[in-house]
Amino acid sequence: MFATPAFAQTAGAAAPGGDFLNMLPLLIGFVAIMYFFMIRPQQAQAKKHKAMLAAIKRNDTVVLTSGMMGKVTRVEETEVMVEIATGVNVRVVKAMITDVRAKGEPAPANDKVA
């Protein structure tokens with residue numbers, strides 16, 4: 001019923017945590033997986049968003065991060081003027097634009113009212 005003393009003894013214990021050289025390939029594999037599944041797609045998405053913001057021109061319909069939609073009436077280097085209702089223009093930082101819905105035809109530079 002009881003175990004004999006020979007069975008109750010344990011073999012020499014292994015080093016806690018394992019050898020660093022055995023863990024190194026696993027660590028490199030985790031870093032590679034993180035790069036290809038998380039970091040690289042985020043960089044590609046940021047590059048695509050930056051190109052979209054650089055291509056904004058007048059009369060484009062845009063969606064803001066707040067969910068508002070409007071038509072671009074003026075484009076500056078870091079800001080755009082968006083018409084959200086007839087006669088209501090809002091100055092918006094370009095980075096707050098999430099999507100360009102409809103590409104408008106380029107408007108003439110001078111908007112002189114007759």
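Me: Is Arg-101 buried, partly exposed or exposed?
Reply: This is a predicted model, where local features need pLDDT of at least 70, side-chain atom pairs count only at pLDDT 80 or more, and totals for chains, interfaces and linings use all residues. Residues are numbered from 1 along each chain as its sequence is written, and side-chain values use heavy atoms, without hydrogens or water. Buried means under 20% relative accessible area, exposed over 50%, and partly exposed in between (1.4 Å probe, protein chains only). Arg-101 has 54% relative accessibility, so this residue counts as exposed.

Me: Which side chain makes a polar contact with the side chain of Arg-101?
Reply: A polar contact here is a pair of N or O atoms within 3.5 Å; within protein, one must be able to donate a hydrogen and the other to accept it, and residues adjacent in sequence count only if both atoms are side-chain atoms. For Arg-101 the pair sits at 3.3 Å, and the partner is Asp-99.

Me: Which strand does Arg-101 lie in?
Reply: Helices (H or I, at least four residues) and strands (E, at least two) are DSSP runs, numbered from the N terminus. The protein has two helices and five strands, in the order α-α-β-β-β-β-β along the sequence. Arg-101 falls within residues 97-102, which is strand S5.

Me: How far apart in space are Arg-101 and Met-69, C-alpha to C-alpha?
Reply: Counting contact as heavy atoms within 4.5 Å, and leaving out residues up to four places away in sequence, Arg-101 touches Thr-61, Val-63 and Met-69. Arg-101 and Met-69 are 32 residues apart in sequence, yet their C-alpha separation is 8.9 Å.

Me: How many residues make up the largest nonpolar core?
Reply: A nonpolar core is a set of buried Ala, Val, Leu, Ile, Met, Phe, Trp, Tyr and Cys residues joined through side-chain atoms within 4.5 Å. The largest one includes Leu-53, Val-82, Ile-97 and Val-100. Helix H2 (20-54), strand S1 (61-64), strand S3 (79-85) and S5 each supply at least two of its residues.

Me: What share of the protein's residues is buried?
Reply: In soluble globular proteins, nonpolar side chains tend to be buried together. Across the 114 residues here, the buried share is 15%.

Me: Is Ile-39 buried, partly exposed or exposed?
Reply: Ile-39 is in helix H2. With 39% relative accessibility, Ile-39 counts as partly exposed.
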